[in-house]
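Open the model in your viewer and keep the selection panel to hand.

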Amino acid sequence: MAAARSLGLAALCFSLPVNAEKLVILHTNDTHSAIEPNADGTGGVLQRKAVIDSVRNAEKNVITVDAGDMVQGSLYFKYFRGDVEYPLMNMTGYDIRVLGNHEFDNGMKDLAEKYKTVKGERLSANYDFKGTDLEGVFEPYVIKKVGGKKIGFFGINIDPESLISKKNIDVNFKEVIPTANEIAAYLKNKKKCDLVVAVTHIGYTKENHKTTDVELAKASRDIDIIIGGHSHTLIDPAHPEKYPSLIENADGKPVRVVQTGKYGKYVGKLTIDLDKLKGADGSDFGYELIAVTDRFPADKLDKKMTDFIRPYKEQVDSVNGRVIGTSLYDMKNGERTGGMANMTADFGLWYGNHKADSLRAAGVDVGKVDLSIMNVGGIRQNMPAGDITEGQILSTYPFSNHFTIISLKGSDIIEALRVGAKKGGEAVSGNIRVVTDDDRNLVRVVIDGSEMDPSAVYTVGTIDYVAEGNDDLRTLANHTKIWTDETEVGAPILRWFEHQMELGLPIAPDQTPRFLQQVKQ
């Protein structure tokens, strides 16, 4: 099949001012509905717009790019389902955007309605949406002419398997590396682009079987820059020893790989000398991070955006102001086996048994729930010591997941925990200890003081997303479903917190790690 036919869609071309000496590309990723500044004073959509405008005022040619997951993570998305984020991204003036996995959280029909309002170019080269609500919404690539040079951009999305719930996505996925290499060669050799930029949402760091930006760079020949997202990696050019920004491709030529972390705390800035593109490689492209802070006075913030946000903010503030409990500990959601993970799994075990009691009272033949497994990826916020608000809980558990009770063999649970151990742990109830070696290889699973029996059948409290085998816990899909809650996970957790406050009890979850290295004899 000819390259043009296999790509399926014609290029979009438009021109920017000629006689330019340089091009500036500003990029973001994984802003996750961080409409307001974070607790540390960084981020915020108004402040980000001020940063972008300041660069636009100083530079002749600026292209803005977002690498996905601009939604999900705060009450703004929980309550308003994208009605805040999509208009604000348009007001910011993004030129190019790709999908993240969380754009699918409300399903493809909803996503199609939202994305049809998106201004700028919508790119995806390896998601085939034929026959779906998103058919015709995306192009594989776009070519922009800047200062007499042709700059080709194309979009690459992550493998949705075991990541995006099957009820939310229906797409023919094309493998990352062959698709990217094909389209990059097409842009470079057939379309004669002077610079080829891959905008990806596949991640920089390796956490599972999925292809990363680093692997893509190493396997490429015609990609000059990779603007990435998904892994929340802050690629800081000042500290290349941690996450190198320059990765050698298949020909030994450096590719510039960039990503700005999460929650809009930084805007990435690439500076390209258009007069020196011939023979240039990634090391010739300037790269820096611009911190998004509250340094801009109120009169420098976009008034139209400020007025747009105000009524939504008033509703969010009312929820964020209602105290429902007190935590004795400062807990972080980034700790895979710490207090937040333990509290979530312990609640899952308690709630599962609470519902099992109700089911037995109604005549359903169900035994006690033996253990709980939750995914750490479903815990989205920190919980500082002190007052806990309704908004914090709903933001911590923002997804439309439902508690469920399932039964399955110990062998399937052990295999899922083997995967979880390699990732650094998942949330498991307090009666479980997952023992590993120094390289995070699973040695054994202990339940209630005894080694888990691979042939025995256990009853597990979890959420439907995990029960489907998502977050790479694939073998949990080999279950028999017993019960699924009608309400989303945030509702019963919220009620439990409120009840603890009524009893005068603080929140004091177990801090003990439940994924442990074995003791050497």
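**Stop 1: the sheet.** Select the six strands that form an open sheet in the order E5-E4-E3-E2-E14-E15; their pairing is mixed. The model is predicted: local features need pLDDT of at least 70, side-chain atom pairs count only at pLDDT 80 or more, and totals for chains, interfaces and linings use all residues. Residues are numbered from 1 along each chain as its sequence is written, and side-chain values use heavy atoms, with hydrogens and water left out. Helices (H or I, at least four residues) and strands (E, at least two) are DSSP runs, numbered from the N terminus. Two strands pair if DSSP finds at least two bridges between them.

Move to strand E2 (residues 22–28) and strand E3 (residues 62–66). These two run parallel, joined by five bridges. Pick Ile 25 and look across: Ile 63 in E3 stands opposite. Strands of a sheet pair through backbone hydrogen bonds, either parallel or antiparallel.

**Stop 2: Asp 95.** Select Asp 95, in the loop between helix H4 (85–92) and strand E4 (96–97). The classes are buried (under 20% relative accessible area), exposed (over 50%) and partly exposed in between, with a 1.4 Å probe and protein chains only. Show the contacts of Asp 95, meaning heavy atoms within 4.5 Å. Leaving aside neighbours within four places in sequence, the partners are Val 62, Ile 63, Thr 64, Gly 120, Glu 121 and Lys 144. For a distance check, draw a line to Lys 262: Asp 95 and Lys 262 are 20 Å apart, C-alpha to C-alpha, and 167 residues apart in sequence.

**Stop 3: salt bridges.** How many salt bridges does a search of the whole structure find? The search gives 31. A salt bridge is a side-chain nitrogen of Lys or Arg within 4 Å of a carboxyl oxygen of Asp or Glu.

- Select Arg 56 and Asp 53. Their closest N and O atoms are 3.3 Å apart. The two are three residues apart in helix H2 (residues 45–58), about one helical turn. Arg 56 is partly exposed at 26%, and Asp 53 is partly exposed at 25%.
- Select Asp 307 and Lys 303. Their side chains meet in a salt bridge at 2.8 Å, N to O. They sit four residues apart in helix H8 (residues 303–320), again about one helical turn. Asp 307 is partly exposed at 32%, whereas Lys 303 is exposed at 59%.
- Select Asp 472 and Lys 423. This salt bridge has its closest N and O atoms 3.9 Å apart. Asp 472 lies in the loop between helix H12 (464–467) and strand E25 (480–484), and Lys 423 in the loop between helix H11 (410–422) and strand E20 (427–428), so the pair ties together parts 49 residues apart in sequence. Both Asp 472 and Lys 423 are buried.

Next, select Lys 49, Asp 53, Arg 56 and Asp 302 together. Salt bridges that share partners join them into one network.

**Stop 4: cavities.** The whole structure holds four cavities of 30 Å³ or more. On a 1 Å grid over the protein atoms alone, a cavity is a set of points where a 1.4 Å probe fits but cannot get out; a pocket is an open set with protein on both sides within 12 Å along at least five of seven lines; lining residues have an atom within 4 Å of a point. Grid points are joined across faces, edges and corners, and a volume is the space filled by probe spheres set on the points.

The largest cavity has about 110 Å³ of space. Of its 13 lining residues, select those closest to the centre: Thr 344, Gly 378, Tyr 397, Ile 463 and Val 489. The lining has nine nonpolar, four polar and no charged residues. Here Ala, Val, Leu, Ile, Met, Phe, Trp, Tyr, Cys and Pro count as nonpolar, Asp, Glu, Lys and Arg as charged, and the others, Gly among them, as polar.

The second largest cavity has a volume of about 70 Å³. Its lining includes Thr 31, Arg 48, Glu 85 and Met 89. H4 gives the most to this lining, with three residues.

Stop 5: Finish at the second largest pocket, with a volume of about 870 Å³. Of the 31 residues that line this pocket, the closest to its centre are Pro 37, Asn 38, Ala 39, Gly 73 and Gln 381. By class, the lining has nine nonpolar, 14 polar and eight charged residues.
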